[in-house]
Amino acid sequence: MDPQEHERFRDFVDARWSALLRLANLLTGGDRHEAEDLVQIALMKALGRWGHVDDPEGYVRKVMYRHQISRWRLRRPHREATFAAPPQDLGVADGTAAADLRISVAQALARLTPRQRTMLVLRYFEDLSETEVASVLGCSVGTVRSTTHRSLSRLRSLAPELGAPVQTAALSNSVPKGAHT
């Protein structure tokens, strides 16, 4: 790789690291170490193809999706982690309601299976269409629809506080439209 391409790659990493880490954090269920590993693996793969990539961010994201899919396909079933219940009063007027909601969403996502979490992250946080999700995951659109439906149902049962009327306005600001319908 010539020095100019190397500098372009370095600039890309500097500019997009936080966004890629946020995505990886969602895909890994909040495990910071796994998220950093996922981003680093994707960037290493992108570095090898850097001169041939037209859309660097799209390429890195796709590598992250596919690598995470490989991880959850190879994992053996494990026991679901339990979390403490969120505080009853989430409507605090000091601005912590949005932070509490983000924490509740992250905890609820972490309690889903990796496949369910991946579907919801791609569909609602990455705002991909059903067709795009099917293409990324290598499955049919019907599978995306049914898995998304079951994932949202499980999310609602695991975290009923996310659908509470007090949080509806705050939820619409932190979760894309349709994720809590």
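This is a predicted model: local features need pLDDT of at least 70, side-chain atom pairs count only at pLDDT 80 or more; totals for chains, interfaces and linings use all residues.
Let me begin with the aromatic rings. A pair of such rings is described by the distance of the centres and the angle of the planes. The structure holds 2 aromatic pairs. In one of them, the ring centres of phenylalanine 9 and tryptophan 50 lie 4.9 Å apart with their planes at 80°, so this pair is edge-to-face. Phenylalanine 9 belongs to helix H1, residues 3-27, whereas tryptophan 50 sits in the loop between helix H2 (32-48) and helix H3 (56-74); with 41 residues separating them, the pair links distant parts of the chain. Phenylalanine 9 has a relative accessible area of 10% and is buried, and tryptophan 50, at 2% relative accessibility, is buried too.

Tryptophan 50 also pairs with phenylalanine 12; here the geometry is tilted, with 5.4 Å from centre to centre and 45° between the planes.

I now turn to the helix contact. Which angle do the axes of helix H4 and helix H5 make where they cross? The axes of H4 (residues 96-110) and H5 (residues 114-125) cross at roughly 140° and come within 9 Å. The two helices are therefore oblique to each other. H4 contributes Val105, Leu109 and Ala110 to the contact, while H5 contributes Arg117, Leu120 and Phe125. By type, these residues comprise 5 nonpolar, no polar and 1 charged.

Methods
Residues are numbered from 1 along each chain as its sequence is written. Side-chain values use heavy atoms; hydrogens and water are left out. Axes are lines fitted to C-alpha atoms, for helices over the stretch in contact, and angles run from 0 to 180 degrees between N-to-C directions. Helices (H or I, at least four residues) and strands (E, at least two) are DSSP runs, numbered from the N terminus. Angles under 35 degrees count as roughly parallel, over 145 as roughly antiparallel, 65 to 115 as roughly perpendicular and the rest as oblique. Contact means heavy atoms within 4.5 Å. Ala, Val, Leu, Ile, Met, Phe, Trp, Tyr, Cys and Pro count as nonpolar, Asp, Glu, Lys and Arg as charged, and the others, Gly among them, as polar. Rings of Phe, Tyr and Trp (its six-membered ring) pair if their centres lie within 6.5 Å; planes under 30 degrees apart count as stacked, over 60 as edge-to-face and the rest as tilted. Buried means under 20% relative accessible area, exposed over 50%, partly exposed in between (1.4 Å probe, protein chains only).
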